[in-house]
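Please keep the sequence and the model in view while reading.

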Amino acid sequence: MILTVTLNAALDITYRTPALVPHTTHRVDEVVERPGGKGLNVARVLAALGHETVVTGFAGGRTGDVLRELLGGCGPVGPRGAGTRSRADAVYARPVDALLPISGATRRTIAVVDAATGDTTQLNEPGPTVSAAEWRAFLSCYDRLVPGAEAVALCGSLPPGVHVGAYAELIRRARGAGVPVLLDTSGEPLRRGVAARPDLVKPNADELALLTGSREPLVAARDTRRRGARAVVASLGPDGVLAATPDGVWRAGPPAPVRGNPTGAGDSAVAGLLSGLVERLPWPARLSRAVALSTATVLAPVAGEFDAAVYEELLPRVTVTEYPPA
């Protein structure tokens with residue numbers, strides 16, 4: 001089982017319009033709702049890859065109820081751990097819901113897709129305030145779930161009321177149980193989390209620069225490892241990813257740049273890295289999977305989903321280049 005943690009979950013709403021023009025009225029062609037927040041996006045992709053996945057965090061209010069109802073929906077998957085699926089042999093799976101109820105209402109995120117250009121405008125609401133009692137209840141739930149996990153993913157922003165060192169605390173608890181941890185966040189929670197020595201962090205280039213002060217991804221990734229992270233995989237947008245690990249340094253990229261909706265692309269990359277970790281794949285195979293899933297998510301019509309056929313076609317075409325030893 002893989003455990004994903006989303007402390008600031010969201011109800012993702014995607015609007016598709018023929019063209020997005022400021023200061024005008026728009027007709028929306030399509031509206032799609034999905035359970036969102038980084039960890040929930042990761043969990044849905046992991047389930048689609050055939051991995052048993054449990055999601056925890058917080059959900060509250062009417063939007064939280066809708067999120068949990070949608071989370072009970074399902075998508076096609078293939079053989080467990082296969083990394084790909086056959087449409088002819090598709091079965092169905094879903095993440096297991098271990099979200100904790102809170103008094104505040106789960107936030108919404110709005111993605112407006114311009115069909116003419118393929119560009120997306122994102123609007124993110126703030127999250128609900130989490131009380132001290134609700135945080136203590138979450139820690140009890142987390143401590144019960146972690147020992148049964150093959151890996152833990154800590155993803156996204158912290159909602160109001162949760163202390164800035166929360167991810168560092170969760171990393172230490174998972175490490176105490178002997179469970180590998182991936183951290184995907186930004187700012188001060190990332191800085192404190194790195195100091196708690198996670199097994200893997202997955203920042204983007206801007207987040208890495210804010211953490212280290214360096215705009216050169218390889219320099220920044222190596223600096224982040226010195227700060228405590230065992231491995232660093234940095235998202236480079238359409239150029240793929242850069243990985244600095246104990247086994248070496250690699251850069252992986254798609255066969256060609258693509259345009260589309262980037263919402264959830266980084267989360268799909270996290271799912272690829274996590275699935276590769278629990279399947280004990282070598283780093284180049286993990287990175288190929290992460291890049292193929294990320295690119296297939298950009299090309300999908302709905303935010304946070306990935307196009308399985310595109311993923312299968314891209315996977316063998318991802319380019320992975322190893323850097324010489326430092």
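## A buried threonine and the basis of the model

Thr109 lies in strand S8, which spans residues 107-114. Helices (H or I, at least four residues) and strands (E, at least two) are DSSP runs, numbered from the N terminus. The model is a predicted one, in which local features need pLDDT of at least 70 and side-chain atom pairs count only at pLDDT 80 or more, while totals for chains, interfaces and linings use all residues. Residues are numbered from 1 along each chain as its sequence is written, and side-chain values use heavy atoms, with hydrogens and water left out.

Thr109 counts as buried because its relative accessibility is 5%; buried means under 20% relative accessible area, exposed over 50%, and partly exposed in between (1.4 Å probe, protein chains only). With neighbours within four places in sequence left aside, the contacts of Thr109 are Ala10, Leu11, Asp12, Ile13, Gln122, Leu123 and Asn124, where contact means heavy atoms within 4.5 Å.

## The four-stranded sheet

Strand S8 belongs to an open sheet of four strands, in the order S3-S2-S8-S9 and with mixed pairing. At the edges are strand S3 (30-36) and strand S9 (120-124), each of which pairs on one side only. From one strand to the next, the twist averages 20 degrees. Two strands pair if DSSP finds at least two bridges between them. Between S8 and S9 the pairing is antiparallel and runs over five bridges; Val113 has Thr120 of S9 as its bridge partner.

Helix H1 (residues 38-48) packs on this sheet and touches strand S2 (10-17) and S3, its direction making about 95 degrees with that of S3. Helix H2 (residues 61-71) lies across S2, S3 and S8 and runs at about 90 degrees to S3. For these angles, axes are lines fitted to C-alpha atoms, for helices over the stretch in contact, and the values run from 0 to 180 degrees between N-to-C directions.

## The largest pocket

Rolling a probe the size of a water molecule over the atoms shows where empty space is left. The search uses a 1 Å grid over the protein atoms alone: a cavity is a set of points where a 1.4 Å probe fits but cannot get out, a pocket is an open set with protein on both sides within 12 Å along at least five of seven lines, and lining residues have an atom within 4 Å of a point. Grid points are joined across faces, edges and corners, and a volume is the space filled by probe spheres set on the points.

The largest pocket has a volume of about 1,100 Å³. It is lined by 42 residues, of which Lys38, Pro262, Gly264, Ala265 and Gly266 are the closest to its centre. Two or more lining residues come from each of H1, S8, S9, helix H6 (205-212), helix H8 (265-278) and helix H9 (283-298). H9 gives the most, with five residues. The lining comprises 13 nonpolar, 21 polar and eight charged residues; here Ala, Val, Leu, Ile, Met, Phe, Trp, Tyr, Cys and Pro count as nonpolar, Asp, Glu, Lys and Arg as charged, and the others, Gly among them, as polar.

## Cavities

In the whole structure, a search finds two cavities of 30 Å³ or more. The second largest cavity holds about 30 Å³ of space, and its lining is formed by Leu7, Asn8, Ala9, Phe58, Ile102, Thr106 and Pro128. Five of these lining residues are nonpolar, two are polar and none is charged.

## Helix H4 and its surroundings

Within helix H4 (residues 166-176), the buried residues are Ala166, Tyr167, Ala168, Glu169, Leu170, Ile171 and Ala174. Their cover includes strand S1 (2-6), helix H3 (132-145), strand S10 (151-155), strand S11 (181-184) and H5. After H4 comes Gly178, with a positive phi near 75 degrees.

## Loop residues

Arg197 is not a glycine, yet its phi is positive, at about 65 degrees. Arg197 is placed in the loop between helix H5 (187-195) and strand S12 (200-201), and it counts as partly exposed because its relative accessibility is 48%. Arg280, also a residue other than glycine, has a positive phi near 60 degrees. The loop between H8 and H9 contains Arg280, which is exposed, with a relative accessible area of 75%.

Ala231 is found in the loop between helix H7 (217-227) and strand S13 (232-235). Its relative accessibility is 2%, so Ala231 counts as buried. Ala231 and Ala221 are ten residues apart in sequence, and their C-alpha atoms are 8.4 Å apart in space.
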